[in-house]
Amino acid sequence: VISIIMFSGNMSTWTGGTPLFYCIVKFYSTFFALAIMMTASAVMAALDDYRRHQADDRTNQQLAVVAQIGSAGMVTLDSVQWKDVTVGDILVVRGEEEFPADLVPLATSGEDGGCYVSTANLDGETNLKIKGAATCVQHALVSAACEASLL
């Protein structure tokens with residue numbers, strides 16, 4: 001905007017008229033400085049996007065454990081890449097594992113259904129957040145697992 005105002009003020013002198021205002025600094029000096037800064041900013045943003053794209057590719061290649069329920073009611077655990085995880089998949093996440101998705105805990109190893117989640121990669125906060133499974137689902141899944149292990 002400043003370069004355009006300076007350009008319009010100097011334009012009248014090019015046509016033989018009097019300038020709108022007198023300025024020691026010419027419009028092209030501010031325009032070139034602005035162009036250099038905008039180019040540097042665009043290059044930095046492009047590099048940041050490229051690095052983020054590479055990090056996303058590495059994350060998508062990691063393996064996740066998906067619980068598959070068969071026709072006979074048998075549960076099998078399959079390893080799939082994160083890029084193949086879809087909405088509605090039931091995932092098994094063990095302690096200290098990283099996962100690049102929003103998950104709803106159905107059951108945890110704790111009796112109360114609570115677990116601690118670090119979101120430092122997302123928001124930079126280093127304190128742990130408590131996430132919890134719904135009480136009825138926690139009790140149902142834990143009791144079913146206990147009954148299955150007794151058989």
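Cys115 is partly exposed in this predicted model, with a relative accessible area of 23%.

**The chain as a whole**

- The protein chain holds 4 helices and 5 strands.
- Along the sequence, the pattern reads α-α-β-β-β-β-α-β-α.
- Of the 151 residues in the protein chain, 13% are buried.
- The protein chain exposes about 12000 Å². Carbon and sulfur atoms supply 63% of that area.
- Take the contacts between residues at least 6 apart in sequence. Among these, 25% join residues at least 24 apart.

**The sheet**

- An open sheet is formed by 3 strands, in the order E2-E1-E3. The pairing is antiparallel.
- E2 and E3 stand at the edges of the sheet. Each has a single partner strand, so one side of each is left without a neighbour in the sheet.
- From one strand to the next, the twist averages 45°.
- In general, strands of a sheet pair through backbone hydrogen bonds, either parallel or antiparallel.

**E1 with E2**

- Strand E1 covers residues 63-69, and strand E2 covers residues 75-81. The two run antiparallel and are joined by 7 bridges.
- Leu63 stands opposite Gln81 in E2.
- Ala64 has Val80 as its bridge partner in E2.
- E1 and E2 form a hairpin, with 5 residues between them.
- Gly73 lies in the turn of this hairpin and has a positive phi of about 85°.

**E1 with E3**

- E1 also runs antiparallel to E3, and 3 bridges join the two strands.
- Val65 has Val92 as its bridge partner in E3.
- Val66 is partnered by Leu91 in E3.

**Thr108: a buried loop residue**

- Thr108 lies in the loop between strand E3 (90-92) and strand E4 (114-117).
- Thr108 has a relative accessible area of 16%. Buried means under 20%, so Thr108 counts as buried.
- The side chain of Thr108 reaches the backbone oxygen of Gly114 at 3.5 Å.

**Cys136: an exposed helix residue**

- Cys136 lies in helix H4, which spans residues 135-150.
- The relative accessible area of Cys136 is 60%. Exposed means over 50%, so Cys136 counts as exposed.
- Cys136 and Gly113 are 23 residues apart in sequence. In space, their C-alpha atoms are 9.7 Å apart.

**Leu128: an exposed loop residue**

- Leu128 is found in the loop between helix H3 (120-123) and strand E5 (129-132).
- At 53% relative accessibility, Leu128 is over the 50% limit and therefore counts as exposed.
- Residues up to four places away in sequence aside, Leu128 touches Tyr116, Val117 and Ser118.
- Leu128 and Tyr116 are 12 residues apart along the chain. Their C-alpha atoms are separated by 5.7 Å.

How values were computed. Residues are numbered from 1 along each chain as its sequence is written. This is a predicted model: local features need pLDDT of at least 70, side-chain atom pairs count only at pLDDT 80 or more; totals for chains, interfaces and linings use all residues. Side-chain values use heavy atoms; hydrogens and water are left out. Buried means under 20% relative accessible area, exposed over 50%, partly exposed in between (1.4 Å probe, protein chains only). Two strands pair if DSSP finds at least two bridges between them. A polar contact is a pair of N or O atoms within 3.5 Å; within protein, one must be able to donate a hydrogen and the other to accept it, and residues adjacent in sequence count only if both atoms are side-chain atoms. Axes are lines fitted to C-alpha atoms, for helices over the stretch in contact, and angles run from 0 to 180 degrees between N-to-C directions. Contact means heavy atoms within 4.5 Å. Accessible areas come from the Shrake-Rupley method with a 1.4 Å probe; for residues, only the protein chains shown count as cover.
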